[in-house]
Amino acid sequence: MRMKGAEKEELQSFVTIFYSVECIWHLCEILFVDSPPGNIVLPHLLEWIRFHFPKYERKAANILSGELVSLESHPDYWETVIGSLLQGRIEVVRALLRLHSSASSDSFKLADQSLKMMPSYSIYAGVSITEFNLRWKHWLIDTQTKIDAKMFITEKNVDLIMRLIVGEEAAWNEVQNQCEAWYELLAAWLLFTEPTIRSFELGKFAKRCISRMGVRDHMKHLDRVLLAAMELDILQVIKEIQHMTENGWFVTHLTDLLYHAGRLDTLDEEQPGDLLAGRLRESFLLDYGTLLMGHNSLWQVGLTYLDNCPTDGLNTIELLLPRIPLISEARIHKIVREAAKRDLLQVMQSICKVQGMISLRRGRLGNALTWALKSQDPNFISFLADKYLREYAARGELINVDLLDNLGSCMLTSDKLIFLGKYCEFHKIYQSGDFKEAAALLVSLISSRITPSYFWVTLLTDALPLLECDKLVLSSSDTFTLLHFLEEKSNLPELSDKIDLIRLALARNLGRA
């Protein structure tokens, strides 16, 4: 399927952004995070250039895998040789030269020997910088002597290679157009002129290469960021990259990386380094976390960013969490869990109470009680427990028994819920046929003084079948407790038609006891 012009342009824009982000990130890792011993950065810079400018590596592989009799007839042969040399791929250059039809000539042999003998600094080679510089100067003088003796003059391109590796200005003027960017030229130039350059010296050489390529007056945004990095101006790097990606991902993560690497501690001499660094990092984390909190499916990821903001993170979460659209019950449960993890009791209670009231309006009393229990709000729980008891007093039937049977320690949040749970337990024991245990529980409920006034008649009515049991289940002490309770409530109009019946049952039971 062919893309439209606008789509292609948008994708190309994304590719450019991703390339820039990757390029800057890698350079910042080299200069600010990895910190190679002795600050010798050239080996890392060359790797950086090779990774971001793979053109010559691909061309070399293509040429070397070809079936041409004379490889130099390939249109990209010499361009690839020079390009590989500029990226420090010395072995690739030697391999390409050895496949030239004139490889057995003196010029090619001497060039191969000079490239082979070229010193290469490595921090793991056990050679000091002073000793390496001596070897470098000796090799440089030897190669320059061969050039001055016109040993390569018969082969124009070989002669150019030799003049490049000794840093001849005229030779570099000839090939600098092969470099796509000033920083590609910088790494190449340093390889053959300043192989032991330190990171704090990069800035001045970077400016020279910018002037050399004539891009000072029309530098792109990427150029400005890379120059700031090479000048070790971290604050300027952060300022420049703030607008590279619309969502702030890049500046947030790079600043966080630099913070953890301890490179933000010296940003401002007037304030403690760690204080300013922490504020700078937190400001980006807050902005990015807040942005993600507004996303339909990434809000939980946003929470993890805000969790890492020690000053304002929790307050921001407390403000944003209740504003997430409650589009499904699954999401609501997630939000409540996240609030509970962070001890945001008010947020949790607010959401659960709203959902509880919605369930109540829909007639889903069990669901409403579940939300109330999650809210841990005693008043709301008491309100719903009262609804349950009134519903039973009116209809004589307990609903959502499974929920009430499994309240566990949750019932301790409210006296009315304790009563409801125990009353449900009384019914369960009674139905199992353990009348003695049921009677003991009923007496304890009556004597506990937590019974709602509208439920007194119900409890006394529940006592009637226990009093009339064939087997004695209520002791004389239990009977006196019930008699005392009955006398206290004898003026209730609801008891007028039952009071004589209950008194008779109590008298009989007392006689049996």
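**Close-up views of salt bridges and cysteines**

**View 1. Arg163 and Glu174 form a salt bridge, with the closest N and O atoms 3.3 Å apart.** A salt bridge here is a side-chain nitrogen of Lys or Arg within 4 Å of a carboxyl oxygen of Asp or Glu. Arg163 lies in helix H8 (residues 156-165) and Glu174 in helix H9 (residues 169-175), so the pair ties together parts 11 residues apart in sequence. Helices are DSSP runs of H or I with at least four residues, numbered from the N terminus. Arg163 is buried at 15% relative accessible area, whereas Glu174 is partly exposed at 47%. Buried means under 20% relative accessible area, exposed over 50%, and partly exposed in between (1.4 Å probe, protein chains only). The model is predicted: local features need pLDDT of at least 70, side-chain atom pairs count only at pLDDT 80 or more, and totals for chains, interfaces and linings use all residues. Residues are numbered from 1 along each chain as its sequence is written, and side-chain values use heavy atoms, leaving out hydrogens and water.

**View 2. Arg212 forms a salt bridge with Glu169, the closest N and O atoms lying 2.9 Å apart.** This pair links helix H11 (residues 202-212), which holds Arg212, to helix H9, which holds Glu169, 43 residues apart. Arg212 is partly exposed at 22% relative accessibility, and Glu169 is partly exposed at 42%.

**View 3. A network of salt bridges links Glu91, Arg94, Arg98 and Asp112.** Within it, the closest N and O atoms of Arg94 and Asp112 are 2.8 Å apart. Both Arg94 and Asp112 are buried.

**View 4. Cys179 is buried, at 5% relative accessibility.** Its sulfur is 8.6 Å from the closest cysteine sulfur, in Cys209, too far for a bond. The whole structure has 0 disulfides (pairs of cysteine sulfur atoms within 2.5 Å).

Terms used
Helices (H or I, at least four residues) and strands (E, at least two) are DSSP runs, numbered from the N terminus.
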